[in-house]
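Please keep the 3D view open as you read.

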Amino acid sequence: MNTNNGNETISWELALQQVNGKNKLAVDMMKMLIDSFPAHESELSTAYKAKDYEALHHAVHKLYGALCYTGTPRLKKIAKELEISFQAKSPKHHIDKLYQQLHVEMKEVKKAYAQMDFKHFHP
């Protein structure tokens, strides 16, 4: 994880900022996020497949809340853009595009997390 430029899949600097520099807490928060992905993905997918945009908005909002405690800048940015799109009543094709980006980035976060060596992050 390089500098915190807001375009990373996982930014450890941002993760540490979110928890006041506490390494173990940052590791725990990332693990909790990753562990919560199946439930988030299920809720998002169910709402999306049903074209229930109100439920999808709610699911995105919950995911965004969870992202506020971790260092996942790209995923957080996409979730925020999707939330704003719901609030602005953007066209469905725009929401569909952002939903697809969200889905792809969640996969990228899982992949990046799987490659992290957390032994370096504990004091």
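## A word on burial

Buried here means that a residue has under 20% relative accessible area, while exposed means over 50%. By that cut-off, Tyr53 and Phe86 are both buried. Please bear in mind that this is a predicted model.

## The nonpolar core

Which residues have the most contacts inside the largest nonpolar core? They are Trp12, Phe37, Leu44, Leu56, Val60 and Leu102, in a core of 36 residues. Helices H1 (12–18), H2 (23–49), H3, H4 (73–87) and H5 (92–115) each supply at least two residues of this core. H2 gives the most, with ten residues. As a general background, nonpolar side chains tend to be buried together in soluble globular proteins.

Leaving out residues up to four places away in sequence, Leu56 touches Leu44, Ala47, Tyr48, Phe86, Ile95 and Tyr99. Val60, with its neighbours within four places in sequence set aside, is in contact with Leu44, Ala79, Leu82, Glu83, Phe86 and Leu102.

## Aromatic pairs and lysines over rings

How many aromatic pairs does the structure hold? There are two. Tyr48 and Tyr99 form a stacked pair, 3.9 Å centre to centre with 10° between the planes. This pair links distant parts of the chain, with Tyr48 in helix H2 and Tyr99 in helix H5, 51 residues apart. Both Tyr48 and Tyr99 are buried. The other pair, Tyr53 and Phe86, is tilted, at 6.5 Å centre to centre and 50° between the planes. Here too, distant parts of the chain are linked: Tyr53 lies in helix H3 and Phe86 in helix H4, 33 residues apart.

A tyrosine from each pair also has a lysine over its ring. The charged end of Lys51 sits over the ring of Tyr48, 4.0 Å from the ring centre. For Tyr53, it is the charged end of Lys92 that sits over the ring, 4.3 Å from the centre.

## Helix H2

With 27 residues, H2 reaches 38 Å from its first C-alpha to its last, close to the 39 Å expected at 1.5 Å a residue. Where in H2 does a kink lie? Look at Phe37, shortly before the proline Pro38, for a kink of about 40°. After H2 comes Lys51, whose phi is positive, near 55°.

The buried residues of H2 include Phe37, His40, Glu41, Leu44, Ala47 and Tyr48. H1, H3, H4 and H5 are what the buried residues of H2 pack against.

## Helix H5

H5 has 24 residues and spans 35 Å from first C-alpha to last, close to the expected 34 Å at 1.5 Å a residue. Its buried residues are Ile95, Leu98, Tyr99, Leu102, Glu105, Met106, Val109, Ala112 and Tyr113. An α-helix has 3.6 residues a turn, so residues three or four places apart point the same way. Among the elements that cover the buried residues of H5 are H2, H3 and H4.

Terms used:
Residues are numbered from 1 along each chain as its sequence is written. This is a predicted model: local features need pLDDT of at least 70, side-chain atom pairs count only at pLDDT 80 or more; totals for chains, interfaces and linings use all residues. Side-chain values use heavy atoms; hydrogens and water are left out. Contact means heavy atoms within 4.5 Å. A nonpolar core is a set of buried Ala, Val, Leu, Ile, Met, Phe, Trp, Tyr and Cys residues joined through side-chain atoms within 4.5 Å. Buried means under 20% relative accessible area, exposed over 50%, partly exposed in between (1.4 Å probe, protein chains only). Helices (H or I, at least four residues) and strands (E, at least two) are DSSP runs, numbered from the N terminus. Rings of Phe, Tyr and Trp (its six-membered ring) pair if their centres lie within 6.5 Å; planes under 30 degrees apart count as stacked, over 60 as edge-to-face and the rest as tilted. A charge sits over a ring if NZ of Lys or CZ of Arg is within 6 Å of the ring centre and within 35 degrees of the ring normal. The expected span of a helix is 1.5 Å times one less than its number of residues. The bend at a residue is the angle between axes fitted to the seven residues ending there and the seven starting there.
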